[in-house]
Amino acid sequence: MKKYYFLILCLSMFSCEQIPMVETLDGRKHDPEELSLKIQDILDKAQLAGLSVQIFNHHQRVYEQAFGFANQEKGDSLNNQHIFYGASFSKAVFGYIIADLVVNGKLDLDRPLQSYLGQALPEIPFEKDWKGYGNLKDDLRYEKITARMCMNHSSGFPNWRWITKEGQFDPEGNIQILFEPGDRYSYSGEGIHLLQFVIEQIMGQSIEEIAQEKVFRPLNMEMTSYIWQKRFEGKFCLGHKADGTTYRKDREDEAGAAGSMETTPEDYSKFFSHMLKLYKAGDARVKLMFEPSIKIHSEMQFGPKSWIDSGRYDNIGLGYGIGWGLLESPHGIGAFKEGHSEGFQHYSIMFPEKGIGVILMSNSDRGERTFKELLKLTIGDSFTPWEWENYIPYYQ
């Protein structure tokens with residue numbers, strides 16, 4: 001009996017020694033269990049429906065935990081295998097695809113996209129007329145737009161054609177160019193949409209086929225797709241409104257590189273970890289993605305203040321590369337990507353020179369209100385421009 005208890009004690013001690021401490025940029029170390037309690041406390045105070053947290057040290061994941069509910073109304077617990085609507089995390093994956101095509105000689109970032117097409121862009125018929133570019137026929141600036149401009153959000157297009165420069169809904173939804181292509185940063189899903197169309201013409205494949213071939217299958221991201229799959233049924237979490245009630249689940253039947261991707265925290269962490277490891281190995285694709293090609297001087301990323309420039313964020317060298325936002329810190333570059341839609345709010349950032357990063361995926365309209373505090377707690381990130389992102393904390 002004494003030998004039995006001694007064996008249990010030894011196994012317990014060995015097991016404890018195997019649990020890695022979570023390291024932060026500012027030199028702190030977290031016990032994972034204590035960290036989970038602190039995260040849960042933030043979620044409770046913010047009244048957040050659900051959240052997944054994935055933390056990376058030494059270029060690999062060292063912490064994974066889901067909190068809260070997949071469906072708060074039913075009391076269903078959230079886990080890291082639940083399907084989330086990925087929103088603009090879709091663009092981060094697309095950035096990788098674009099970088100891969102460039103490195104392999106399939107695409108020139110600075111060649112006008114019009115030159116890849118057999119006829120003038122405004123003359124190309126689309127199955128759905130509202131997706132076409134016919135009203136650009138008298139605005140020849142479209143001939144200047146390049147893949148780089150689409151990926152660093154300087155194409156001149158609005159975020160979406162049905163949203164005005166002032167951020168108001170426009171039911172007519174006519175595409176327009178708001179400024180000289182390449183002149184400034186202005187976040188644009190429309191730019192990604194145009195580049196997706198051109199890439200599909202170049203490759204003779206859909207973006208879903210390309211993504212499966214280059215990303216999802218090689219990384220064993222079996223529960224990730226730009227199109228809703230039957231295997232996702234019964235395995236997804238619902239988005240929640242600020243009051244805790246749920247949104248109806250949308251099932252996208254048309255792939256959109258700008259924001260149709262469904263994924264799990266488990267799957268997306270595979271992609272994120274892959275990026276970290278490629279950076280460490282000096283991979284040309286990641287180097288290209290994380291090379292800043294435009295500086296950002298706007299007061300905020302969206303809304304009226306996005307057209308007001310200042311030097312407020314010059315101290316962190318705020319800018320954009322290929323599909324990822326970039327900043328400068330004492331720990332090297334920070335590469336970040338957000339995701340935002342009804343019921344789903346996400347943020348990820350990596351400091352690849354340190355091998356540290358975090359993915360925050362929430363199924364709640366209150367998610368972004370926790371991000372400032374969670375970033376500081378989990379990895380010591382005080383560099384993310386939270387006011388520019390409009391991540392106003394829940395306690396303000």
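Modeller: Start with residue classes: Ala, Val, Leu, Ile, Met, Phe, Trp, Tyr, Cys and Pro count as nonpolar, Asp, Glu, Lys and Arg as charged, and the others, Gly among them, as polar. On that count, the lining of the second largest pocket has 6 nonpolar, 7 polar and 1 charged residues. This is a predicted model, in which local features need pLDDT of at least 70 and side-chain atom pairs count only at pLDDT 80 or more, while totals for chains, interfaces and linings use all residues. Residues are numbered from 1 along each chain as its sequence is written, and side-chain values use heavy atoms, with hydrogens and water left out.

Colleague: What makes something a pocket rather than a cavity?

Modeller: On a 1 Å grid over the protein atoms alone, a cavity is a set of points where a 1.4 Å probe fits but cannot get out, whereas a pocket is an open set with protein on both sides within 12 Å along at least five of seven lines; lining residues have an atom within 4 Å of a point. The second largest pocket has a volume of about 230 Å³. Its lining has 14 residues, with Asn 159, Ile 163, Thr 164, Phe 302 and Gly 303 closest to the centre.

Colleague: Which residues lie nearest the centre of the largest pocket?

Modeller: They are Tyr 85, Trp 160, Trp 162, Gly 259 and Ser 260, out of 50 lining residues. The volume of the largest pocket is about 1700 Å³. Its lining divides into 18 nonpolar, 13 polar and 19 charged residues. Helix 5 and strand 11 (332-341) each give at least two residues to that lining; helices (H or I, at least four residues) and strands (E, at least two) are DSSP runs numbered from the N terminus.

Colleague: Why are helix 3 and helix 5 called oblique to each other?

Modeller: Helix 3 (residues 89-103) and helix 5 (residues 189-203) pack at about 40°, with axes 12 Å apart. Angles under 35 degrees count as roughly parallel, over 145 as roughly antiparallel, 65 to 115 as roughly perpendicular and the rest as oblique. The pair is therefore oblique. In contact (heavy atoms within 4.5 Å) are Lys 91, Phe 94, Ile 98 and Leu 101 of helix 3 with Gly 189, Ile 192, Leu 195, Gln 196, Ile 199 and Met 203 of helix 5. By class these are 7 nonpolar, 2 polar and 1 charged.

Colleague: How do you know how helix 3 and helix 6 are set to each other?

Modeller: The axes of helix 3 and helix 6 (residues 207-216) cross at roughly 80° and come within 10 Å. Helix 3 and helix 6 are therefore roughly perpendicular. Val 93, Phe 94, Tyr 96, Ile 97, Asp 100 and Leu 101 of helix 3 touch Ile 207, Ile 210, Ala 211, Lys 214, Val 215 and Phe 216 of helix 6. That contact has 10 nonpolar, no polar and 2 charged residues.

Colleague: And what is the angle between helix 3 and helix 7?

Modeller: Their axes cross at roughly 40° and come within 12 Å, helix 7 being residues 265-280. That makes helix 3 oblique to helix 7. Phe 89, Ala 92, Val 93 and Tyr 96 in helix 3 meet Tyr 268, Phe 271, His 274, Met 275 and Leu 278 in helix 7. The contact has 8 nonpolar, 1 polar and no charged residues.

Notes: Axes fitted to C-alpha atoms, helices over the stretch in contact; angles between N-to-C directions. Points joined across faces, edges and corners; volume = space filled by probe spheres on them.
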